[in-house]
Structure formats: structure tokens, C-alpha cells
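Here are my notes on the model, point by point. Please read them with the structure open.

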Amino acid sequence: MYLTKLEIQGFKTFAKKTSLSFLPPQADRSPITAVVGPNGSGKSNLADAIRWVLGEQSLKLLRGKKSEDVIFSGSEGKSRAGFAEVSLSLNNEDGAMPIDYSEVTITRRLFRDGSSEYLLNDSKVRLNDIQLLLAQANVGQRSYSVVGQGMIDHILVSTPEERKAFFDDATGVKPYQIKRHNAILKLKKTHANLSDVEMLLREIEPRLRSLKRQANRLEKRGAIEESLHLLESQYYGSQWWELVDNLEIVKKGFDEADKTITLERRELNALEKKVDAVETVDEKPDTGLVALQTQYRELQKKHRTIRDEHFQTEKEIELTRVRAQSNWAPLPLIRIVEQVGAIVKGLMGLKKIKDVTELHSEVEAVLKHSTDLNKKLQRPNPEDIKPDPKLVNKLKGLSKDEKKIVIGLEKLEGQIDSYATKEKTERTELIEMQKLLREKQRQIHLLENRRGTQEIDLARYEERQGALLREMDEFMKERAVEVRSNRPENSPGEDVYPEIQRLRYKLELIGGIDPEIVKEFEQTNERFNFLDGQVKDLHKALRSTEKVIVELDEQIEKQSKKVFNKINKEFEKYFKMLFGGGSCRLVKLTREEIPDENESEGVSPDRAFSDTGEAERDKEDVIETKINKHKDPVIGVDIQATPPGKRLKALNLLSGGERALTSIALISAIMAVNPSPFVVLDEVDAALDEANTVRFAGILSELSKNSQFVIITHNRATMEQADVLYGVTMGDQGISNLLSVHLEDVANGGTARR
Ligand code: ATP
């Protein structure tokens, strides 16, 4: 992978669209590009542009205070730019970036309103995507791929933790760290989702429990209802059909009696006519006998009327009994509970009574209360029902009257009979006929009596049938029709009625339950199971992400250890080469080994991301503690360097040049072990003396075998290593111009001659 082109527009002093091309690598080395020009012409702005397009977020490293400071701010002759845009094109034929493009152009754009965007081959992407891609191609964005002006010894003056971040870049663990960081974000998100779902579950659970209870009660209710319906069908069925049968029998008996009476009446009429005819033929009828017979007939008529009235009254009394029984309704459960409660209270009260007479009367009272309740609970017996006293009195009066009439009739019959004996000889035939007539009348009277009883029975059954019909319709609703159309197989009789009542009470106890509850229960249960499944899935996801993190931590540790040791060796080699001797060493530090004063400014290796605002760090976070268990305990790196002939190890005691040499040795070591595809070095050779500049040029030439170098320099020896030279000039309008130059065109001090 190598740089092919840099395009800048509106970025710092590069107000106009400026393009810089790089030479492709040759067989043995990558061509070195040197950028030269006078102070303030904009050379470092070029390095800043590369740093910026690679996603740099640190305003300090970009030498600004606000993010919009990178946009061309305008000059006397040129108005300010509305946006800054930098595009860096890279050849990716070797697939260093795991992406399906042989040429990759990364673009960063920033507008004055603060909005910004990243593009990858003209498609919008997230900064994180670019960071991961570059890290995978081994481009150390923050550390050594772009070494800014005066930043060469930055690594020496930074804290051990900052150095650790630098070495994470250098040892190539950054891609794993980015993946780890993303996994942690995912882990946190999963945790948040998990607690959301768990909260929902907690909310649903009590409702589900209550619904379940109700659904169970409904189920129980269903079972009771089923038994009740069966018993009701059998009970009412047998009652109904028994009535139907009885009615039929009584009706038949009634009809027959009616028919016989009609026949008998017809005969009676014929006989009466016959008697009348004989009496008319007799010219001198006995007035005394006629009077007796007339009296007899009238009394008989009266007797009939009174008897009819007697039957009607009897019927009415019977019907009131039947009605009273069918109108009986069981006492509501709540009233029963009340009454039983009162009885129990009464019984408890008995214990305290010492006086026997008082105890006696109280026992009587409780007993009466219990008997009353018991009576109320039983279906009334028709015999116990007291009919209307008015009716009873009426019936009594009628019976008395009837008795009187019967006596009168018997008396008249006697008188008629004695007359008959007297006149026997003369009027035998007529008298016999009259006797026959009376006999017939008596018979009819008996038949009418029987028919009257049947009529009462009929009315009683019909009344009962009506009442049963109403009761069935009330309790059985539409099931009643079925029961009335088919005779039941079982006829359990009256005995099951208490069980029917018991089941009805039970239903009353359970109370009414909305059938919609079952639907709601099923829906809620389904939702609960779904959420429960989600919790399990999320736990699974958590475990697998945690596993990924552990694996990444292992990879990070392994890779870091291997490369770090190699860098350490190369560092010593280049250090000795540049210093002509001496010694140096990189030392890994754990939390315990880092001096306390640094603790407060402690920067974790994930710091690189905290600047991006993407990592929300919370040290108290339990998840973090858990996932950091397997993390590399090394959190800092110390650099020890002792130039030849000296004993000191403290870096701050080194001279400016020594610091630059140590840094160059370190960067060269990293380049040798883990070469970055390209490196931008901005005046890193500024502090070197002539001899060291030559040595540095030699190292540069050696390292260019593996990396593409872009060097900003004022140093001729360095320029001489370059394959291509660009000159940056600045015109009157404060705008940088870029031009290709040759070494011979460069005057002393790096000024390009046109
Ligand atoms: P030296 O050789 O001294 O290091 P240089 O060529 O590296 O110089 P730069 O640091 O690249 O110079 O350029 C600095 C110049 O860029 C300054 O004059 C500064 O005012 C100008 N500059 C920085 N930001 C902007 C901006 N947003 N708009 C216009 N000019 C800017």
C-alpha cells in the first residue's frame, strides 16, 4: 500500500485546490518525497492535512483551538473558505486494507457550521470505519505515521501511559484494540437492552400472575359449570318429563270423566223428559208430591252451584301452594354467610353466660335462629304452606252449606219415598222412574266430584309446569330447549337438588370472570415467553461477546509481547548507530509500577477513542471490571537511554539533539520491525548536527525499502535522499502554492527558486 495523491482545498493556507502526486514504489525501495520551502510557507500544513484526513481529532496536534481553525481563514486579498476538504488516495493493490478496492480515496470535509463528513471512495462512512481500515493496514495515525514539527521527541516527554498508546500503534495491536473497543460498545448496548427487557419482564410478571390466577379460576369455574350443567339437565329433564307424563294421565282421566258425565247427563235428560211426559198424562197430579219434587230439583241445582264453587276454591288454595313453592328462591350466599356468622357469634356468647335461666333462653334464641335459617334454605313443602285464610274460611262455609244441602236433599228424598209407598199401587211406574232419576243424579254428582279433583290436579300440574319452565329458562337458558325436546336417560330425582345448589354457591363464590381474561392471559404469557427468550438470547450474546473480548485480549498480549521485544532490540541497534555507542531500553510498566503523580492524568490504552467521543468511560462500570480481568496489565512504557560515556538514564537530562537522536532511533526501530506503509516526517532532523544528519539520511535510505517517506526538511543532506522534491511557496495573499522543483533549484535555507 502506498500514497498516490493528496488533494487539498480550503485547508489552512491551501485555499485553492492543490494536488500532490507521489511516485509508485520501485523494486528495491519506495521513492522518498521531500517537501521544501521557506518558513511559514505552509509545509507543515501539508503534514497537518495528511494527519487530518486520517481522522485526527486532537486540536492540539492539528495546531488549532477550534475545529474550524483548519479552514482557510482568508487574507487581505482572498476571502475565507466555506469548508476544508482533504482527499488522500492510496494504492491498495496489495490488499493491505481489507477492502475490495485497488485504489482507496479517503476524504474528510468540514464546513464552517461544524458539520463534517468522511468519505471512502465517495461513499459516506463513519470515522470508526476509517480508523479500523487504516489500523488493519498498519497505519499508525496518532503516533509515528505522521511525525509533526517539533514532535519528534514528543514520545520522550509523554507519560508512560501515552507511550503505551504509541506502542500499541507500533506493535500493530491497534486493529485488535479497535475490535475490542467495538465489542465493548456492543457489550454495553447488549447490557442496556438486557436491563430494558428485564425491566419489562418485571413489569409484566405481577400482571401475568394475577391473570394466571384468574384464568385458573375460570378453568375451575368451567369444570364446576360442566358438572352443574350435567346435573341440571338430568334433574330438570326428569322433573319436566315426569310432569309431562302426569299431565297426560290427569288430562286423560279428566277427559274420560267429562265424556262419561256428558253421556250420563244425556241419559238423565232423557229420563227427565220421560218423567215429565208421564206426569203430564196424569191428569190429577198429586200437588204435594210435585211440590216435593220441585223442591228437590231446586236444592240439587243449588248443590251443584255450591259444589262448583267449592271446587274452584279448593283449586285456588292448591294453586297458591304450588305457586309459593315454585316462587321459592335460594337465599343469596352473602346472606347465608351473614346469618351463619350471627349464629356462630351467638354460640360463642353462650360460653360466657353463667346463669342457667339466661343460658336457657339464649340457647332457645340461637336454636330458633338456626331453625329459621334452615327453613329458609330448604325448598318449602307444599303441605307447610298456609293458604289464604279468606279462602280457607270460604271453603269451610261452602262445606257447611253443602252439608246442609245434602241433609235437605236426603230429607226430601225420604219424604218423596214415603209418598211413593203411599201411592205405590196407583203410580208405581212414575215413582220407579223418579227413583231412577235420583239415582242417576247421584251418580252424576259422584262423577262430577271425581272430575273436580282431576281438574284441581290438572291445574296444579299446569302451574308446576309453568314454574318449572321459568326456572329452567332462568338457570339453563338455551340448554333448556334441548332438555325439553329429549327425554333424559338418567332420572336422578330430587336428591341431586342439594348438589345443584352447592355447585351454584361455589360458582357464586368464585364470582364472575371476564372471558376476555383468558385471551389477555394468553397474550401476556406469549409476550412474557418472548421477552424471556430475548433475555436468554441476550445473555448468550453477552457471553459470546465476552469470549471475543477475552480472545482479543490474548491476541493483543501475544502480539504486543512479540513485537515489543523486537522493537527493543532494533532500538538499541539504531541508538548505538546514531550515538556511536551507549545503551537504551524500553520497559513495560504495570499500574503498580507507575509513579503516583501520574495516576491522576492516567490515560488508559482506550484513550485514543475517548477523544472521538465514542467511548463513554465509566470507571465504576461493573462490566468494565469484568471484561478487564483478562486485559494486559501493562498500562505504560518507560524509555531508558544512556548516551556513550554518560551514566544518566533520565530522559529530561538529554540535550535537544540527543533527544531527537533517541526519538529517531526509536521510530527507526519501529519502522524496521513493523513498517508503516507511509511515514510523514516534519523537520525531524532540525536539531541534528551535520554528522548526524548524514547518519539519519543513511537510515532513511535503508528504511525506505519498506516504507514510503514524505519528508519536510530544510536539510540539504536529507533532500539529497529524495527522489522527488516539492517546493511550497507563499504568495502575497497568504495562500500556499505547490510546485515541483529540482535540488539545484533549491537555495540555501530550503527556498525554492522558480
Ligand atoms: P516552517 O518552515 O517555519 O516550519 P511551514 O512552512 O511549516 O514553516 P506552516 O506551519 O505550514 O509553515 O504554516 C503556517 C502558516 O499557516 C502560518 O502563517 C499561519 O498563519 C497559516 N495558517 C494556519 N492556519 C491557517 C488558516 N486556517 N487560514 C489561513 N492561514 C493559516
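1. Start with Thr33 and its contacts, where contact means heavy atoms within 4.5 Å. Leaving aside residues up to four places away in sequence, Thr33 touches Phe22, Phe709, Val710, Ile711, Val724 and Tyr726. The residue sits in strand E3, residues 33–36. Helices (H or I, at least four residues) and strands (E, at least two) are DSSP runs, numbered from the N terminus. Thr33 is buried, at 1% relative accessible area. Buried means under 20% relative accessible area, exposed over 50%, and partly exposed in between, with a 1.4 Å probe and protein chains only.

2. A word on the basis. This is a predicted model, in which local features need pLDDT of at least 70, side-chain atom pairs count only at pLDDT 80 or more, and totals for chains, interfaces and linings use all residues. Residues are numbered from 1 along each chain as its sequence is written, and side-chain values use heavy atoms, with hydrogens and water left out.

3. Leu725 lies in strand E13, residues 724–730. Leu725 is buried, with a relative accessible area of 6%. Its contacts include Ala34, Val36, Met719 and Leu739, not counting residues up to four places away in sequence. Leu377 is elsewhere: Leu725 and Leu377 are 117 Å apart, C-alpha to C-alpha, and 348 residues apart in sequence.

4. Now the ligand. Ala, Val, Leu, Ile, Met, Phe, Trp, Tyr, Cys and Pro count as nonpolar, Asp, Glu, Lys and Arg as charged, and the others, Gly among them, as polar.

5. Ser44 places a polar side-chain atom 2.8 Å from a ligand oxygen. Asn45 has a polar backbone atom 2.8 Å from an oxygen atom of the ligand. For Glu683, a polar side-chain atom lies 3.3 Å from a ligand oxygen. On its own the ligand has 650 Å² of accessible area, and the protein covers 73% of that. These areas come from the Shrake-Rupley method with a 1.4 Å probe; for residues, only the protein chains shown count as cover.

6. Why is helix H2 (residues 127–136) described as largely enclosed by the rest of the structure? Because eight of its ten residues are buried. Among the buried residues of H2 are Leu127, Asn128, Ile130 and Gln131. After H2 comes Asn138, with a positive phi near 70 degrees.

7. Check the helix pair H13 and H17. The axes of H13 (residues 516–579) and H17 (residues 690–703) come within 9 Å and cross at roughly 145 degrees. H13 contributes Lys573, Tyr574, Met577 and Leu578 to the contact, and H17 contributes Asn692, Arg695, Phe696, Ile699, Glu702 and Leu703. That contact has six nonpolar, one polar and three charged residues. Axes are lines fitted to C-alpha atoms, for helices over the stretch in contact, and angles run from 0 to 180 degrees between N-to-C directions.

8. Ser668 belongs to helix H16, residues 656–673. Is Ser668 buried or exposed? It is buried, at 3% relative accessibility. Ser668 touches Tyr574, Ile699 and Leu703, not counting residues up to four places away in sequence.

9. Last, Asp122. This residue lies in the loop between strand E6 (116–120) and strand E7 (123–125). Asp122 is exposed, with a relative accessible area of 68%. Its phi is positive, near 70 degrees, in a residue other than glycine.

Definitions and conventions
Polar contact = N/O pair within 3.5 Å; in protein donor to acceptor, adjacent residues only side chain to side chain.
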